[in-house]
Amino acid sequence: MSTLEIKNLQVAVSTDEGMKPILKGVDLTIKSGETHAIMGPNGSGKSTLLKMMIGEISPNQGNVKMARNIDFAYFDQSRSAIKPTSTIQEILCENGSDHVQLANGKTKHICGYLRDFLFDPKETQTIAGTLSGGQQNRLLLAKTLANPGNFLILDEPTNDLDMDSLDILEDYLEKYQGTLVVVSHDRDFLDNVATTILGFEGNGVINYNMGGYSDYIAHYPSKKQLILNDKNLKKNSEKSREHPKQKCCHTQSNPYALVARSIMSPLLLMPWLYIMSNSAWRNGGATLFFTTFTRVRLPITSSPCLI
């Protein structure tokens with residue numbers, strides 16, 4: 001069953017050199033339960049397509065048809081839903097309540113819900129404008145995912161997120177049963193989440209491929225630099241996989257900073273460390289990511305900080 005159909009979509013913007021095509025002859029059918037990921041350089045029309053899906057803007061030509069039962073939830077990368085002068089509780093709870101309204105008429109107390117998104121329950125009265133970029137992104141995710149409807153649109157949800165927050169997002173999307181359209185520059189996230197990639201090449205051209213980021217690059221190897229802006233993609237991916245600096249230990253006797261979710265064997269104490277997947281070993285600016293269960297001898301003289 002088709003949830004959304006786009007036919008011959010044409011969008012152009014006025015520039016000093018004349019009309020520049022942003023979307024050109026786009027045909028797209030999204031069926032219920034599918035996951036489509038969109039990637040490409042800035043200004044290639046990714047956010048424009050999303051805004052047309054939700055009816056915020058209209059195309060110069062073509063049409064967008066939506067099923068009658070669509071219930072959109074939209075994560076806007078500009079965070080327009082986060083009012084800087086509002087408290088966290090005011091943003092997440094309706095009508096002065098202390099409960100967050102969830103899907104299917106369920107509710108959850110704000111303190112417990114904040115823990116789910118790595119906030120301190122004592123922060124309910126914190127003003128949103130005082131939060132960091134990563135915290136604001138987590139807050140908007142918490143608001144959007146509380147009641148995601150049956151069609152979830154996420155525009156750059158991985159921006160400014162640390163590794164733990166990315167894990168929470170990926171776990172949620174893995175369980176999500178609705179239709180998902182997501183824009184991201186994070187290659188690992190795209191590999192873990194996407195079942196179809198829409199590669200925005202620029203000048204209104206879009207390439208399609210089944211699978212994630214790696215499958216797309218295998219199919220379109222010549223597009224790695226042009227379409228994906230791979231330098232920025234790699235930079236954003238590596239940045240998003242880092243833990244906040246305050247979680248590292250820095251001492252004079254320990255020149256290394258361990259950033260990992262680790263399990264220590266009760267029988268084999270130092271210097272052996274057991275590191276699970278989604279772990280990272282940092283030495284200065286370099287980061288090595290572990291994706292398997294590995295036993296590592298620590299090159300340090302004092303105890304690491306275990307997270």
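Guide: Helix H1 (residues 46-53) lies across strand S3 (35-39), S5, S8, S9 and strand S10 (196-202), and runs at about 155 degrees to S8. Helices (H or I, at least four residues) and strands (E, at least two) are DSSP runs, numbered from the N terminus. Axes are lines fitted to C-alpha atoms, for helices over the stretch in contact, and angles run from 0 to 180 degrees between N-to-C directions. Helix H4 (residues 133-146) also packs on the sheet, where it touches S5 and S8, and its direction makes about 180 degrees with that of S5.

This is a predicted model, in which local features need pLDDT of at least 70, side-chain atom pairs count only at pLDDT 80 or more, and totals for chains, interfaces and linings use all residues. Residues are numbered from 1 along each chain as its sequence is written, and side-chain values use heavy atoms, with hydrogens and water left out.

The sheet itself is open and has six strands, in the order S5-S8-S9-S3-S10-S11, with mixed pairing; two strands pair if DSSP finds at least two bridges between them. At its edges are strand S5 (72-75) and strand S11 (205-210), each of which pairs on one side only. Neighbouring strands of this sheet are turned by 15 degrees against each other on average, direction ignored. Strand S8 (residues 151-155) pairs with strand S9 (residues 179-183) in the parallel sense over five bridges, and Asp 155 has Val 183 in S9 as its bridge partner.

A nonpolar core is a set of buried Ala, Val, Leu, Ile, Met, Phe, Trp, Tyr and Cys residues joined through side-chain atoms within 4.5 Å, where buried means under 20% relative accessible area, exposed over 50% and partly exposed in between (1.4 Å probe, protein chains only). The largest such core has 42 residues, and Leu 92 and Leu 139 have the most contacts inside it. H4 gives the most to this core, with six residues. Leaving aside neighbours within four places in sequence, Leu 139 is in contact (heavy atoms within 4.5 Å) with Ile 82, Ile 88, Ile 91, Leu 92, Phe 119, Ala 128 and Leu 131. A second, separate core of 23 residues includes Leu 28, Ile 38, Ala 67 and Phe 200.

Beyond S5, the loop between this strand and helix H2 (88-92) holds Arg 79. Arg 79 has a positive phi of about 60 degrees although it is not a glycine, and this residue is buried, with a relative accessible area of 16%.
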